[in-house]
Amino acid sequence: MTRPEFVLASGSASRARLCARAGLTFRQVSADVEECHIDGAPIETVESNARLKLDWAQAREPHATLVAADTVVAFSGEVVGKPETLDEAREGFRRFSGKSHRVLTCLGFSKQGQAGVFHTVESSVTFRELDEQAIDAYFALVNPLDKAGGYDIDQSSDLIVASYDGSYSNIVGLPMDLLIGLLDDAF
């Protein structure tokens, strides 16, 4: 089955990499929106941000098939977004050390001018016990500043991740089974 081209309203290199690996045809545009961060409400945060991104894309390309997404890490009742500094990323890794957290992604989808639909997917990640040397080794290989929770499970995760449960691609930033199902159902 040939799937139609869609617009990926996300500047995420990880999301683009997932779509390219799946052989999907897409154009990537970075949604210029001010993302929200709702303390203690990870589902509401990702859903609000995915909606903002899809609305932004619909206003610019109303007749295109559009995909937007937002991902956050939820840990100890808090929403953990992208760290702004290396110190903030390091502190996050210390907190994650030996513990599990949730990764939530809301995917927004709109087919050629139709109303958007939104689906939220949840996965779980358990970190290894990390000392400062392990954190330094990971940061030497992966820039933690442009990723929810400060890490990319697709890059050197064997250094920090003990296990995960749920959709791997969701942890990367885009639940591909869901996206492919939406594309197949829409056409």
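**Labels and the values behind them**

Reply: Start with Phe-96, which lies in helix 3, residues 86-96. Keep in mind that this is a predicted model.

Me: Is Phe-96 buried or exposed, and how do you know?

Reply: Its relative accessibility is 1%. Buried means under 20%. Therefore Phe-96 counts as buried.

Me: What does Phe-96 touch, apart from residues up to four places away in sequence?

Reply: Phe-96 touches Val-73, Phe-75, Val-80, His-101, Phe-127, Gly-149 and Tyr-151. Touching here means heavy atoms within 4.5 Å. As for Ser-76, it is 20 residues from Phe-96 in sequence, and the C-alpha atoms are 9.8 Å apart.

Me: Which residues meet where helix 3 packs on helix 4?

Reply: Helix 3 brings Leu-86, Ala-89, Arg-90, Phe-93 and Arg-94. Helix 4 brings Glu-132, Ile-135, Asp-136, Tyr-138 and Phe-139. By class, this contact has 6 nonpolar, no polar and 4 charged residues.

Me: How many aromatic pairs does the structure hold?

Reply: There are 9 aromatic pairs. One of them joins Phe-93 and Tyr-138.

Me: What makes Phe-93 and Tyr-138 a pair, and why is the pair called tilted?

Reply: The ring centres are 5.6 Å apart. The limit for a pair is 6.5 Å, so the two rings qualify. The planes are 35° apart. Stacked needs under 30 degrees and edge-to-face over 60, so this pair is tilted.

Me: What does the Phe-93 and Tyr-138 pair tie together?

Reply: Phe-93 lies in helix 3 and Tyr-138 in helix 4, so the pair links parts that are 45 residues apart in sequence. Both residues are buried. They also belong to a cluster linked by ring pairs, together with Phe-75, Phe-96, Phe-127, Phe-139 and Tyr-151.

Me: Where is Thr-65, and how do you know whether it is buried or exposed?

Reply: Thr-65 sits in the loop between helix 2 (42-60) and strand 3 (66-75). Its relative accessible area is 3%. The cut-off for buried is under 20%, so Thr-65 is buried. Leaving aside neighbours within four places in sequence, its contacts include Glu-5, Phe-109, Gln-112 and Phe-187.

Me: What makes Gln-112 partly exposed?

Reply: Its relative accessibility is 44%. Buried is under 20% and exposed is over 50%. The value falls in between, so Gln-112 is partly exposed. Gln-112 lies in the loop between strand 5 (100-110) and strand 6 (117-127). It has a positive phi of about 35°, although it is not a glycine.

Me: Why is Ser-156 called partly exposed?

Reply: At 27% relative accessible area, Ser-156 falls between the 20% and 50% cut-offs, so the label is partly exposed. Ser-156 has a positive phi of about 55° and is not a glycine. Its loop runs between helix 4 (132-141) and strand 7 (161-165).

Me: Which label does Asp-184 get, and why?

Reply: Its relative accessible area is 24%, between the 20% and 50% cut-offs, so Asp-184 is partly exposed. Asp-184 lies in helix 6, residues 176-186. Asp-184 and Thr-85 are 40 Å apart, C-alpha to C-alpha.

Note on methods. Residues are numbered from 1 along each chain as its sequence is written. This is a predicted model: local features need pLDDT of at least 70, side-chain atom pairs count only at pLDDT 80 or more; totals for chains, interfaces and linings use all residues. Side-chain values use heavy atoms; hydrogens and water are left out. Helices (H or I, at least four residues) and strands (E, at least two) are DSSP runs, numbered from the N terminus. Buried means under 20% relative accessible area, exposed over 50%, partly exposed in between (1.4 Å probe, protein chains only). Ala, Val, Leu, Ile, Met, Phe, Trp, Tyr, Cys and Pro count as nonpolar, Asp, Glu, Lys and Arg as charged, and the others, Gly among them, as polar. Rings of Phe, Tyr and Trp (its six-membered ring) pair if their centres lie within 6.5 Å; planes under 30 degrees apart count as stacked, over 60 as edge-to-face and the rest as tilted.
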